[in-house]
Amino acid sequence: MDTSETKCKMEDEAQQFKAEPEESKSALSETARLVKAEPQENKSGVDDQKPLKSTENVEAQQDNMASWVKREVSQGLHADQESKNQMKEEQKGGEGEDEEDESKDDEEEDEGSVDNPSIDIRSDFQDALSGSLGFTGSFYVSKPAPNAPNPALQLADLGPIGLPLSQREAKVIASRCIQAPFGKAERTVVDTKVRDTWEMDASLVRFGNPAWQTYIQTVIRDVCQTLGVNFAASNPKCELYKLLLYETGSHFLPHKDTEKAPGMFATVVIVLPSQFTGGEVHVSHGSLSKVLDCSATSGYETTILSWYTDVTHEVKPITSGYRLALAYNLMHTTTAVGPALPSTDATADSLRHILRSWKHNQKNEDKASAPSKLVYLLEHRYGQEGLKGSSLKGKDAHILSLLNRLAEEQGFHIGLASVECHVTGCGDDYGGGRYG
C-alpha cells in the first residue's frame with residue numbers, strides 16, 4: 001500500500017470518529033487539539049524515524065493510531081465528566097452559601113427589628129425598676145426566739161454567767177468591760193453623750209453549750225431569708241464582734257454601722273434574757289422606719305435583731321434594768337452575683353424590650369433615643385470595699401441579678417461606681433433676695 005492508500009485509510013478512520021455520539025464530540029474535539037499540538041514526527045504515536053516500506057508496518061501504524069486516539073477520547077470524556085461534576089458541586093456550594101447568607105441576613109433583621117421600640121429609654125428604664133420587682137425582703141429583722149438554747153456564757157475570768165441576768169452579775173460584768181467607742185469620720189472616739197454603753201471584746205467571750213453554735217447557723221438562715229439575701233449564693237458566716245451591756249441611762253444616738261470586716265453586709269444583735277425597760281431600737285432606711293421593742297419579754301426570752309449596715313438606727317435610753325446583747329458581723333463569703341429571685345414575666349419582658357429598643361435605636365443612629373449609658377441610683381450606700389456585685393444589699397442585689405441575666409442575653413455590660421453630686425449656684429432667701 002502506497003502513501004495515497006494510507007491517506008485514504010486515515011480519512012476513513014476520521015469518518016468513523018465523526019459517527020460517535022453527540023456527547024463525545026466535545027471530548028473528541030479536545031483530543032484533536034491535543035493531537036494537533038504533538039510534534040509532527042510523533043503524530044502516529046510510534047517511532048517513525050525509519051521509512052514505512054511494508055503493508056504490515058502501515059497496518060500496525062494504523063492500529064496504534066486508532067488505539068491512541070480512542071485512549072485520548074476516553075480520557076477526554078472522563079476529564080469532561082469530572083469538570084461537569086465539579087461545576088455542579090460549585091453551583092450547589094454557591095447556592096448553599098447564598099442560602100446561608102440569606103439566613104444570616106434574616107437573623108440579623110429579626111434581631112434588629114423591635115415592635116413599638118421605646119423612645120424615652122432613660123425614663124422607661126427608671127419606671128421599670130421603680131416597682132418591687134418581686135423582691136419581698138426587709139431592711140431589718142425583729143424576731144422573738146423562745147426556743148433559743150442557753151449559751152452558757154463564760155466571760156473573761158468571771159466564770160459561768162447565769163441567765164436571765166441578775167443585777168449582781170450585771171455589775172460584775174460591767175467591771176470587766178470598757179466604755180464603748182464609736183467611729184467619727186476617720187477616728188474612733190469615746191463620748192458618752194453620743195454612746196453610753198459597756199462592751200467586752202469577743203476574745204473574752206466563750207460559750208459552754210455546744211448547741212449554741214448550731215443555733216447560730218439557724219439564726220443566719222432566718223436573718224438572710226427575712227433580709228432577702230440569697231443564702232446559697234452568699235454562703236454567709238457570722239462572727240462574734242462584741243458583748244454589749246446597757247444599764248439605766250445607756251443609749252446610742254442615730255448612726256450607721258461601719259463595715260468592720262470584708263464582705264460584711266449586716267449586723268445581728270442577739271438580746272439575751274435580762275429584765276429591762278426602755279431601750280427601743282429605731283431603724284430607718286429611706287422613707288421607711290420601724291421601732292423594735294423587746295422589753296416586754298426581756299426577762300425570759302431571747303430576741304433576734306438585725307439590719308443592713310447602712311441602715312440608720314438608734315438605741316433609746318434604758319429606763320430600768322440591764323440589757324445584755326451579743327453583736328455579730330454577718331458577712332458574704334463568696335464573690336459571685338446571686339441568681340435573680342423570682343420576678344414576674346411582665347417585669348422581665350419590659351426590661352428586655354427596653355434593652356432591645358436601646359440596641360435598635362443605636363443601630364439606626366437615633367442618638368436622641370439611644371443614650372451612651374444608663375445610670376441607676378441604688379437604694380443602699382456602699383463603701384469602696386462593698387462596691388461589688390456580691391456585696392449588694394436587699395433590692396439592689398435583686399436588681400443586679402435580674403439585670404445581669406438580661407444584659408448577658410442582650411449583649412450589654414453592667415458596672416458599679418460611686419457617684420458624687422456637686423451643686424453650685426446662689427441660694428435664695430424667703431424674700432427672694434440673694435446672698436453674695
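In this short talk I will go through the fold, the cores, the largest pocket and a few individual residues of the structure shown above.

Please keep in mind throughout that this is a predicted model. The protein chain has 436 residues, of which 36% are buried, and its secondary structure comes to nine helices and 19 strands. If we take the contacts between residues at least 6 apart in sequence, 79% of them join residues at least 24 apart.

Let me begin with the interior. In soluble globular proteins, nonpolar side chains tend to be buried together. Here the largest nonpolar core has 59 residues, and the ones with the most contacts inside that core are Leu165, Val268, Trp307 and Leu330. Helix α6, which covers residues 211–227, gives the largest share of this core, namely eight residues. There is also a second, separate core of 16 residues, and among its members are Leu129, Ala370, Leu402 and Phe412.

Leu165 deserves a moment of its own. Setting aside residues up to four places away in sequence, Leu165 touches Ala170, Ile173, Leu245, Pro273, Ser274, Tyr322 and Leu324.

The peptide bond from Leu163 to Pro164 is cis, with omega near -5°, and Pro164 is found in the loop between β3 and α5. For context, most peptide bonds are trans, and most residues other than glycine have a negative phi.

That second point brings me to two further residues. Asn116, which is not a glycine, has a positive phi, near 50°, and is located in the loop between α3 (55–112) and α4 (121–128). With a relative accessibility of 70%, Asn116 counts as exposed, because the cut-off for that class is over 50%. Ala152 likewise has a positive phi, of about 55°, and belongs to the loop between β1 (140–145) and β2. At 28% relative accessibility, however, Ala152 counts as partly exposed.

Staying with α4 for a moment, Ile121, Phe125 and Ala128 are buried in that helix, and since they cover an arc of only 65° around the axis, they lie on the same side of α4. Ile121 also turns up as a partner of Ser357, which touches Val114, Pro117, Ser118 and Ile121 when residues up to four places away in sequence are not counted. Ser357 itself lies in helix α8, and at 0% relative accessibility it counts as buried.

Now to the largest pocket, which has a volume of about 1,100 Å³. Which of its 37 lining residues are the closest to its centre? They are Val375, Tyr376, Leu377, Leu378 and Gly415. The elements β14 (281–285), α8 (345–363) and α9 (394–410) each supply at least two residues of the lining, with the largest share, five residues, coming from α9. By residue class, the lining divides into 21 nonpolar, 10 polar and six charged residues.

I will finish with Leu392, which is found in the loop between α8 and α9. Is Leu392 buried or exposed? At 5% relative accessibility Leu392 counts as buried, because the cut-off is under 20%. Leaving aside neighbours within four places in sequence, Leu392 is in contact with His332, Leu378, Tyr382, Gly386, Ala397, Leu400 and Leu416, and one of these, Leu378, is among the pocket-lining residues closest to the centre. Leu392 and Gly263 are 129 residues apart in sequence, yet their C-alpha atoms are 9.7 Å apart in space.

Note on methods:
Residues numbered from 1 in each chain as written. Predicted model: local features only at pLDDT ≥ 70, side-chain atom pairs only at ≥ 80, totals over all residues. Heavy atoms only, no water. Core = buried A, V, L, I, M, F, W, Y, C linked by side-chain atoms within 4.5 Å. Buried < 20%, exposed > 50% of the residue type's maximum accessible area, 1.4 Å probe, protein only. Helix = DSSP H or I, 4+ residues; strand = E, 2+ residues; numbered from the N terminus. Contact = heavy atoms within 4.5 Å. 1 Å grid on protein atoms, 1.4 Å probe; cavity = no way out; pocket = protein on both sides within 12 Å on 5 of 7 lines; lining within 4 Å. Points joined across faces, edges and corners; volume = space filled by probe spheres on them. Nonpolar A, V, L, I, M, F, W, Y, C, P; charged D, E, K, R; others polar. Arc of directions from axis to C-beta.
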